Amino acid sequence: MFVSIFALVAIFGLFPVHSGGAALDPQLQVNQLSFPGLAASAPLVAQTELQASPQPLTVKAPYVSEGTILGADNVTDTEIQTRAAAQQNDSVTVAGADTQQATRVAMYQNYIVQSGDTVTSIAAAFGLETNYIIWNNLDLEDPNRVSTGTQIIVPYVPGIVHAVEFDDTLTEIARLYDASVDDILYFEANSIGDPNVLVADRYIFVPGGRRLPNPAPSIRPGANQAPPDTGSWGWPAQVNGLLTSEFGAYHPLGIDLAMPNGTPIVASRGGYVQFAGGDQWVSYGFYIKIDHGDGWETTYAHLTSFEVPSGVYVNQGDVIGYSGNSGHSTGPHLHFELRYYGDPTNPLDYIQ
């Protein structure tokens with residue numbers, strides 16, 4: 001009888017039966033959880049070995065926008081941050097055209113002139129010849145004097161920053177600066193995909209380039225050359241504006257007209273738009289150049305936005321953009337130039 005009762009108890013599980021095999025229920029080690037104020041109730045079991053089968057590792061490189069420093073060695077973190085911050089303001093939206101991302105960060109930096117600086121001292125500080133400061137900042141009224149606080153272009157290596165016009169070719173650009181086509185083509189920051197098709201309204205860098213004493217005229221014959229227009233020259237804005245700088249020895253490139261931001265700027269005469277772009281921090285800022293044919297060109301600088309891309313024909317009086325304060329500017333105004341075969345001429349001698 002006693003044996004029979006013991007057998008029934010064992011069969012129906014009235015007494016626990018321990019097995020030497022794996023536990024059937026999951027076990028939770030409370031001491032491995034991080035609960036504030038709750039002490040671990042059991043010692044942490046040290047992990048002695050990790051076994052895992054090999055897993056493929058895919059590394060996705062972060063996106064680097066055009067204009068990031070390319071192939072630059074020995075650059076300080078501060079300089080990288082400065083260039084990256086400047087790059088954020090490199091895009092200009094043009095009606096009817098794609099937004100262009102300038103590559104200036106890899107080509108040059110926008111240096112802010114400090115008290116006591118001279119063109120010579122700035123060039124020496126960056127290991128450049130003085131001419132490379134002068135050649136890349138043609139808007140400086142006096143190349144021997146720079147004003148404190150002015151932002152100027154300082155190339156990272158000897159060369160010239162060139163604004164690509166809609167009918168430019170690599171051969172013409174190389175000839176203009178006595179440079180090598182291959183050097184321009186393979187300068188990484190230029191990002192030239194097809195050497196036969198340059199992207200207009202942006203900057204490219206000409207390594208080793210130099211400005212020749214007698215450069216070829218910027219007006220070039222071709223299918224898109226503006227027909228000669230012998231009509232009168234019109235005022236370049238829808239308001240007269242206040243003449244703040246006259247054409248002369250101390251302001252030898254054109255005239256300055258003070259006017260509110262956003263004033264419509266118009267074509268002084270009919271012609272083809274050669275360039276609509278720039279850099280809002282230095283030089284002319286955002287500007288438009290128009291070829292009027294027969295050797296005449298006009299330039300409209302320090303704009304805030306454009307209405308036209310390069311390559312289109314505009315009639316006299318057409319709105320081409322809006323005035324602003326971009327570039328080397330001390331206040332909202334329009335800088336207006338009139339050139340005949342590349343030589344600056346007093347616009348007030350022609351404007352009606």
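1. Start with a strand pairing. Val266 has Val319, in strand 14, as its bridge partner. Strand 9 covers residues 264–266, and three bridges join it to strand 14. The two strands run antiparallel. Please keep in mind throughout that this is a predicted model.

2. Strand 14 has another neighbour to check. Three bridges join strand 12 to strand 14, and these two strands also run antiparallel. Within strand 14, Tyr322 stands opposite Ser305.

3. Next, the overall make-up. The chain contains seven helices and 16 strands. It has 352 residues, of which 41% count as buried.

4. How far apart in sequence are the residues in contact? Take the contacts between residues at least 6 apart in sequence: 66% of them join residues at least 24 apart.

5. Is Ser329 buried or exposed? Its relative accessibility is 18%, and the cut-off for buried is under 20%, so Ser329 counts as buried. Its side chain makes a polar contact with the side chain of Asn325, at 2.5 Å. The side chain of Ser329 also reaches a backbone atom: the oxygen of Gly331, at 2.7 Å.

6. Now the aromatic residues. The whole structure holds 13 aromatic pairs. One of them is Trp296 with Tyr340. Their ring centres are 4.6 Å apart and their planes meet at 45 degrees, so this pair is tilted. Trp296 belongs to strand 12 (residues 296–306) and Tyr340 to strand 15, so the pair ties together parts 44 residues apart in sequence.

7. The two rings of that pair differ in cover. Trp296 is buried, at a relative accessible area of 13%. Tyr340 is partly exposed, at 36%. Tyr340 also pairs with Tyr341: the ring centres lie 4.9 Å apart with planes at 75 degrees, so this pair is edge-to-face. Tyr341 has 39% relative accessibility and counts as partly exposed.

8. Which residues make up the aromatic cluster here? Trp233, Trp296, Tyr340, Tyr341 and Tyr350 form one cluster. The charged end of Arg269 sits over the ring of Trp233, 3.8 Å from the ring centre.

9. Finally, Leu253. This residue is in the loop between strand 7 (242–245) and strand 8 (255–258). Leu253 is buried, with a relative accessible area of 16%. Which residues does Leu253 touch, leaving aside those up to four places away in sequence? They are Leu138, Asp139, Phe247, Tyr284, His335, Glu337, Arg339 and Pro344. Pro347 is 94 residues from Leu253 along the chain, yet their C-alpha atoms are separated by 9.8 Å.

Notes
Residues numbered from 1 in each chain as written. Predicted model: local features only at pLDDT ≥ 70, side-chain atom pairs only at ≥ 80, totals over all residues. Heavy atoms only, no water. Buried < 20%, exposed > 50% of the residue type's maximum accessible area, 1.4 Å probe, protein only. Polar contact = N/O pair within 3.5 Å; in protein donor to acceptor, adjacent residues only side chain to side chain. Phe/Tyr/Trp six-rings, centres within 6.5 Å; stacked < 30°, edge-to-face > 60°. Helix = DSSP H or I, 4+ residues; strand = E, 2+ residues; numbered from the N terminus. Lys NZ or Arg CZ within 6 Å of the ring centre and 35° of its normal. Pairing = 2+ DSSP bridges. Contact = heavy atoms within 4.5 Å.
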